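Thanks for coming. I have one structure to go through, and I will keep it short.

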Protein chains: 2
Amino acid sequence: MFDRVALIGLGLIGSSIAWGIKANGLAKHVVGYARSAETRDKAMQLGFLNSVTDTAAKAAEGADLVILCAPVGVMEHLAKEVGPKMKAGAILSDVGSVKQSVIDSCGKHLPDDVHLIPAHPIAGTEHSGPEAGFASLFNKRWCIITPPEDANAAAVTKVQEFWAALGSDITIMSAEHHDRVLAVTSHLPHLIAYTIVGTADDLATVTKSEVIKYSASGFRDFTRIAASDPVMWRDIFLNNKEGVLELLSRFNADLSMLETAIKNEDGAALEAHFTRTRSIRRGIIEQGQDVDAPDFGRSKIDDTKS
Amino acid sequence: MFDRVALIGLGLIGSSIAWGIKANGLAKHVVGYARSAETRDKAMQLGFLNSVTDTAAKAAEGADLVILCAPVGVMEHLAKEVGPKMKAGAILSDVGSVKQSVIDSCGKHLPDDVHLIPAHPIAGTEHSGPEAGFASLFNKRWCIITPPEDANAAAVTKVQEFWAALGSDITIMSAEHHDRVLAVTSHLPHLIAYTIVGTADDLATVTKSEVIKYSASGFRDFTRIAASDPVMWRDIFLNNKEGVLELLSRFNADLSMLETAIKNEDGAALEAHFTRTRSIRRGIIEQGQDVDAPDFGRSKIDDTKS
């Protein structure tokens, strides 16, 4: 599919793309760049790359496809470095969780004959680093492609085929809409999870060890996403600031309504709200986006089940 | 261990206790009561009871141990009904998620020679009803026993042995402390999850089907607990009102701090907060309260993993 693919950033996503390319034979040569020599050595040792370079520019030279697999906050810096080195007709893509800011900040640094086709694979785990990657991370997961309005159609098709070959289901939408959708399905949930885990950590009357011990009663579901990569998430909130803040104000209004219902002991209002939220869960199960097994099918701790 | 155990309420917890008693031979006779005839029939059909009665009072007559397995809001009503029918020396226990209100509201309806020993098994799934129960639900899960200050020591020991026989690890603490601990580990997380799922359901710019489709990016972790039984949760918030409201005000302050950091584009504050929350997750994994497998080990949807 490609002669040379350059992966700029070799964490969970970069290493999983590399494994996926290898498993599916999608490129003759995969070159990688990571800021730290330790990560580059680790990557070569793990065996998912053909070569590494010590600058992003060197990796991008001669590549047909360059993918920025780095926190959203460094995308512009990287685009500025790799853009001028990219060959005519090549594609610059990325895997960032915010898309409008990538188009705005990276587009201006590219020569006219290089195509910017941003993408966002909705896949990941709470683990980070080059050791965390695996070939099927994207299998049966959504990948949202957000081409700029004037995007080259052939380049869009190539990126689409690439992600389909990695196993993803593809959707195409505008960057602006993507950022609204992800604010709801991902950014606000992470902000809330980070907040509540922090709140629990600060209490004087309940110890941290008690929180951990009794976490199975609800709390632990939040801790998984609150363990996600801090730098990646810092950048997401800074780059989808308006979307997140707008949604947060709605969330605050809804929470305040439930708070008032508790204060006023308005059981009917509470019950009505709690009943309504069940239907979304049903939709998620029906569409195969989650398992219906109790406790998410946490098999290892449920292996005592008769 | 007991001649006759009466289970008042035959939902997930009641039916699981019955299955557990049967599997471990803990009682000669298990009698059950449920408000609806349909549930009582279903229970007999499923085979986890020896008999059913059509009033709670009849079930309690002659029982050595009566366990209220009903929403916290009906505990007082039930205690009032069963208390006068209970035999001298018998134990009244419950499985409610709030404990101080059970002691306050139920204690006064019991004869002096009946022992009130409240307990709270920290176990459950997002499914409800008599079909949802299974014998090992309590296996390796915590059960918190909250005896009143003047509790009969032999009765406390009996309740402790009963839950240990169902597989639980036991902790004893005051009802007041229990309610503070659970406010953090369970009540606030549920309130937040119910809120965010409701917020997502109300948006005009992002459709419900988009929320469902892309829920794997964080949102779906919240939907599991927001699918919990509405009546049970209404009663928990009404009965741990002070504890939940106090904690909620701390959560609101913390969230407002992160909101300000986003507004001011204070990346350092965000990163520092997001780094701190990782350690709690590590504690939960280390203590075996969750699995370290990516995505909670959602095995059924991850079975494509190579």
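I start with charge: chain A has 31 positive and 39 negative charges, and their mean positions lie 4 Å apart. Lys and Arg count as positive, Asp and Glu as negative, with His and the chain ends left out; each charge is placed at NZ of Lys, CZ of Arg, CG of Asp or CD of Glu.

Some ground rules. This is a predicted model, where local features need pLDDT of at least 70 and side-chain atom pairs pLDDT 80 or more, while totals for chains, interfaces and linings use all residues. Residues are numbered from 1 along each chain as written, chains are lettered from A and ligands numbered from 1 in the order written, and side-chain values use heavy atoms, without hydrogens and water.

Now the fold. Chain A has 13 helices and nine strands, taken as DSSP runs numbered from the N terminus (helices H or I, at least four residues; strands E, at least two). Its C-alpha atoms fill a box of roughly 65 × 45 × 40 Å along the principal axes. Of the 306 residues of chain A, 59% are buried, meaning under 20% relative accessible area with a 1.4 Å probe, protein chains only.

Next, helix H10 of chain A, residues 230-239. Its buried residues include A:Trp233 and A:Phe237. The buried residues of this helix pack against H7 and H11 of chain A, and also against H11, H12 and H13 of chain B.

Last, cysteines. The whole structure has zero disulfides, a disulfide being two cysteine sulfur atoms within 2.5 Å. For A:Cys69, the nearest cysteine sulfur is that of A:Cys143, 11 Å away.

Key
Buried means under 20% relative accessible area, exposed over 50%, partly exposed in between (1.4 Å probe, protein chains only). Contact means heavy atoms within 4.5 Å.
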